[in-house]
Amino acid sequence: MLDKKVALVTGASRGIGAGVAKKLAADGSFVVVNYNGSKERAEGVVDEIRAAGGEAVAMQCDVSDFDACGAFITEIVKTYGRLDILVNNAGITKDGLLMKMSESDFDAVISTNLKGAFNTIRHVSRQLLKQRSGRIINISSVSGLLGNAGQANYAASKAGVIGLTRSVARELASRQITVNAVAPGFVGTEMIEAMTDSAKEAMTGMIPFGRIGEPEEIAETVAFLASDNARYITGQVIAVDGGMSIGC
Ligand code: NAP
């Protein structure tokens, strides 16, 4: 059994997930860096964590697969003895206007972004209940709060994550397990690379801070929610978005 906290960060091979994995490791957790297809990049994140004096391991699992998530989480608990922090970060986009959106693009985004979070929470909960402690942090999005033209599937998945967060928070509260969501605004990762420069400019124009966020700025809030300092916070959605969702 490890003497440090064990954290699982889904979709940690790059972007926000990689930033969260590095921050949690720097704060003293042993981190499972999850990926689906990007093995080498996940191993690169692990190398960076180890070079900085932290501990981590890369492990594959497709979060949209319920049974695979069960086997994955069983393996983590069996190997490392416990699981203290779950960060549901894995996410995809398949943008398009509603009139042109295919059923498969709707289903794929819901399966990864919303059902993926359910899958891991469902399998992790038994262990957290047994430990009578734990932290679950789900990555939602400002799109889930405001809606976004061209992202009906994505916004629905991210709004769903908020409902999931609040419901599970109520169910697990009696055992002092906290469940919260972080809703990033517009963050500089590969997820936004597909956007045209004019779309990026229009989006940046909606940010009161006048700039795109960095993965590290999301990671700071996730790490706070994962810490003992946040022990009395549950069922909340914290927007980290340079003011994009002020008033929501
Ligand atoms: P990203 O750079 O595209 O990275 C996505 C990560 O998710 C990758 O590590 C990818 O790993 C993993 N992933 C995708 N499908 C997976 C699956 N089925 N199982 C396991 N891992 C999977 O995205 P990002 O911008 O860092 O976004 C991270 C999270 O923040 C997402 O939930 C996203 O919706 C949310 N978010 C992002 C922004 C933004 O502006 N960037 C804003 C609000 C919210 P593989 O390559 O191995 O599949």
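**A buried cysteine and its surroundings**

Modeller: Let's start with Cys61, which counts as buried because its relative accessibility is 3%. Buried means under 20% relative accessible area, exposed means over 50%, and partly exposed covers what is in between (1.4 Å probe, protein chains only). Before going on, please keep in mind that this is a predicted model, where local features need pLDDT of at least 70, side-chain atom pairs count only at pLDDT 80 or more, and totals for chains, interfaces and linings use all residues. Residues are numbered from 1 along each chain as its sequence is written, and side-chain values use heavy atoms, with hydrogens and water left out.

A disulfide here is a pair of cysteine sulfur atoms within 2.5 Å, and searching the whole structure turns up zero of them. Cys248, for its part, is exposed, because its relative accessible area is 62%.

Now look at Tyr35, a partner of Cys61. Leaving aside neighbours within four places in sequence, Tyr35 is in contact (heavy atoms within 4.5 Å) with Ser13, Ala42, Ala58, Met59, Gln60 and Cys61. Tyr35 sits in strand β2 and counts as buried, because its relative accessibility is 9%. Strands are DSSP runs of E with at least two residues, helices are runs of H or I with at least four, and both are numbered from the N terminus.

In soluble globular proteins, nonpolar side chains tend to be buried together. Take Val31 as an example: beyond its neighbours within four places in sequence, its contacts include Ala7, Leu24, Ala56 and Val57.

Of the 32 residues surrounding the ligand, Ser13, Ser38, Asn89, Tyr154 and Thr189 are the closest; a residue is included if one of its heavy atoms lies within 4 Å. An N or O atom in the side chain of Ser38 is 2.5 Å from a ligand oxygen. A backbone N or O atom of Gly37 lies 2.8 Å from an oxygen atom of the ligand, and for a polar backbone atom of Asn89 the distance to a ligand oxygen is 2.7 Å. The protein covers 94% of the 900 Å² of accessible area that the ligand has on its own, with areas taken from the Shrake-Rupley method and a 1.4 Å probe.

Technical notes. Polar contact = N/O pair within 3.5 Å; in protein donor to acceptor, adjacent residues only side chain to side chain.
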